[in-house]
Amino acid sequence: CLHMVPQHRALCGHACRVPCAIAQRMASVQPWPAGHELDNTVTRAATPLDVLDADVVAPALAAAAVHAAAEAEGGEAAGVPVCRVAVTMVRAGCRHAIPRLECSRAFAFIADHEPTPPCDNVVKYERPRCGHVARITCDLCARVLAGAAGAEAELPHCEVPAPQPFVASCGHEVRDLPCFQWHEYSDEPGRFRCEVAVAGVQLPRCGHVMALMPCHRADAVAAWSGRGIDGIVAHEEGEEEGEDEDEEEEESGGGGGGGEAAHGKKSGPVVLEGVMYGAFEAVACMQPVTFRRAHCTHDVPGVACHTAFTWASAAAGREGDMRAPRCVVEVGWENPRCGHAALRVPCADAQSLDEWE
């Protein structure tokens, strides 16, 4: 008989309209175990399940004649009768609800025919190390408490101000650090970079004094070792600060401006081209110095200190450093073929012409 009649679904009790023949089959099915509260509610009292409590439904569902109910309604392939009535599903364990869920899908979740989506309800989680409370999703909280791999890394950083200041190795105190940073720096003090301004730090390579410098850079300056102006070697094993000036003059090309000339009152600091000065990355000194060329001994005044050292070391063979620009000081040049004096030409051009044959 294909006449459409009203009927209650055997599994959930929701009303539907089906052909008379199917309605008769549905009425003959009793899916829930006899005497179970679901049998009393759905089957005998014909009360629909508008709230599916997983803790109640799941144990009974294992023994329920789910497939018989599905076959009675037309043999759906999913194994669960298709009911599209909106219900509320109460999760097992956390007891949070999923509202407005299709009835048949709620049964699929409870029966593990489909994976239940993670619970995104926000819960409070007390951090074991600091005691501060974080608000995280229920799913993440459950995985953290269960010790799931990678769950701890998903926790947000604790941004609550630390209750006490962090004392760095330099002695400076930093207040109001976020809790997570306070613990990170306490566990690994070397990760902390002290930004407290330190006054009057002398740079060992050039001798200039910085008015203010972050503390962590001052520590790097104090630990620096290498060759500076006038051949000074700082903190290198087996050598004292201030090498012999005659030895330095010999290395830099005799009268190339080393030694006393490099620190004369008139000339000021002089950086010599071709000398392999120590690399110094702690701070870029921008004080003006004189850069003295090795080949022609012409001076380039007013060069930023850091730039002058870069030019000098590039000429000495350090890769990656920027070379000095061409010397443009005008000089007289005599033609080697005829001996006549030519017009004054830039020094770099005169050098090229001298090399020409």
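A pocket is an open set of points on a 1 Å grid over the protein atoms alone, where a 1.4 Å probe fits and protein lies on both sides within 12 Å along at least five of seven lines; its lining residues have an atom within 4 Å of a point. This briefing concerns a predicted model, in which local features need pLDDT of at least 70, side-chain atom pairs count only at pLDDT 80 or more, and totals for linings use all residues. Residues are numbered from 1 along each chain, and side-chain values use heavy atoms, without hydrogens and water.

**Largest pocket**
- Arg127, Pro156, His157, Cys158 and Phe180 are the closest to its centre among 16 lining residues.
- Helices are DSSP runs (H or I, at least four residues) and strands are E runs of at least two, numbered from the N terminus.
- α7 (151-154) and α8 (179-187) each supply at least two lining residues of the largest pocket, and α8 gives the most, with five.

**Second largest pocket**
- The second largest pocket has a volume of about 220 Å³.
- Glu273, Arg293, Arg326, Cys327 and Gln351 lie nearest the centre of this pocket, which 16 residues line.
- α12 gives the most to this lining, with four residues.

**Nonpolar core**
- A nonpolar core joins buried Ala, Val, Leu, Ile, Met, Phe, Trp, Tyr and Cys residues through side-chain atoms within 4.5 Å, where buried means under 20% relative accessible area with a 1.4 Å probe, protein chains only.
- In the largest core, of 26 residues, Leu203, Met213 and Val271 touch the most other members.
- α11 provides the largest share of this core, five residues.

Technical notes:
Buried < 20%, exposed > 50% of the residue type's maximum accessible area, 1.4 Å probe, protein only. Points joined across faces, edges and corners; volume = space filled by probe spheres on them.
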